[in-house]
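Me: Hi! Could you walk me through the aromatic residues in this one?

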Amino acid sequence: NMFSYSKTSTLDVSNFDTSNVTDMSHMFTSCKAPTLDVSNFDTSNVTNMYDMFYDTQATTLDVSNFNTSKVTNMASMFYGSQATIIDGLKNFNTSKVHNMESMFQNAQATTLDLSSFDTSKVTNMKMMFLGSKATSLDLSSFDTSKVTNMFEMFYGSLVTSLDLSSFNTSNVTD
């Protein structure tokens with residue numbers, strides 16, 4: 001919650017030493033700063049990114065240097081984010097993530113490169129893309145064999161075409 005609900009118009013965190021941080025949940029929730037430079041963040045010890053950029057006003061986010069190899073929770077990470085560009089999602093290591101609920105819900109980004117996402121441990125994809133502005137999604141790499149909740153996963157999203165032929169929904173209960 002470090003900068004949650006901050007009304008500051010400038011926020012310089014470019015030189016933060018985050019090497020010992022394990023929890024970045026709610027770090028920028030509803031932060032009004034139009035620019036957030038997190039490109040130098042050391043996230044190698046972070047396990048929780050829940051609500052990290054929830055409803056942030058930053059117009060671009062560069063997460064290309066994020067080391068997400070220990071992260072287990074990415075729920076609502078970009079929920080309502082005003083960033084039209086989220087650069088670096090293709091570099092995310094999501095092999096330990098269990099929860100992606102609302103990860104991109106109401107996010108303004110029109111392009112999401114999730115081609116390298118390893119979802120083999122994810123159990124919750126509830127509302128993951130609800131209201132998302134992304135017009136296309138390549139989810140062919142998604143392993144949904146452990147997912148139990150897909151409630152409103154694509155509800156109100158702007159995606160125009162979806163190929164879900166690789167989805168294994170045998171454990172989905174909702």
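**Aromatic pairs**

Reply: Happy to! Let's start with Tyr-54, which lies in the segment before β1. Keep in mind that this is a predicted model.

Me: Thanks! Which residues is Tyr-54 in contact with, leaving aside its neighbours within four places in sequence?

Reply: Those are Phe-28, Thr-29, Ser-30, Ser-76, Met-77 and Tyr-79.

Me: And how many aromatic pairs does the structure hold?

Reply: There are 14 aromatic pairs in the structure. In one of them, the ring centres of Tyr-54 and Tyr-79 are 4.4 Å apart and the planes sit at 5°, so this pair is stacked.

Me: Nice. Where do Tyr-54 and Tyr-79 lie?

Reply: Tyr-54 is in the segment before β1 (60–62), while Tyr-79 is in the loop between β1 and β2 (85–87), so the pair ties together parts 25 residues apart in sequence.

Me: Is Tyr-54 buried, exposed or partly exposed?

Reply: Tyr-54 counts as partly exposed because its relative accessibility is 23%, and buried would need under 20%.

Me: Switching topic: what about the rings of Phe-142 and Phe-167?

Reply: Their centres are 6.4 Å apart and their planes are at 5°, so Phe-142 and Phe-167 are stacked. Each of the two lies in the segment after β2, and the pair ties together parts that are 25 residues apart in sequence.

Me: Are Phe-142 and Phe-167 buried or exposed?

Reply: Both Phe-142 and Phe-167 are buried.

Definitions and conventions: Residues are numbered from 1 along each chain as its sequence is written. This is a predicted model: local features need pLDDT of at least 70, side-chain atom pairs count only at pLDDT 80 or more; totals for chains, interfaces and linings use all residues. Side-chain values use heavy atoms; hydrogens and water are left out. Rings of Phe, Tyr and Trp (its six-membered ring) pair if their centres lie within 6.5 Å; planes under 30 degrees apart count as stacked, over 60 as edge-to-face and the rest as tilted. Helices (H or I, at least four residues) and strands (E, at least two) are DSSP runs, numbered from the N terminus. Buried means under 20% relative accessible area, exposed over 50%, partly exposed in between (1.4 Å probe, protein chains only). Contact means heavy atoms within 4.5 Å.
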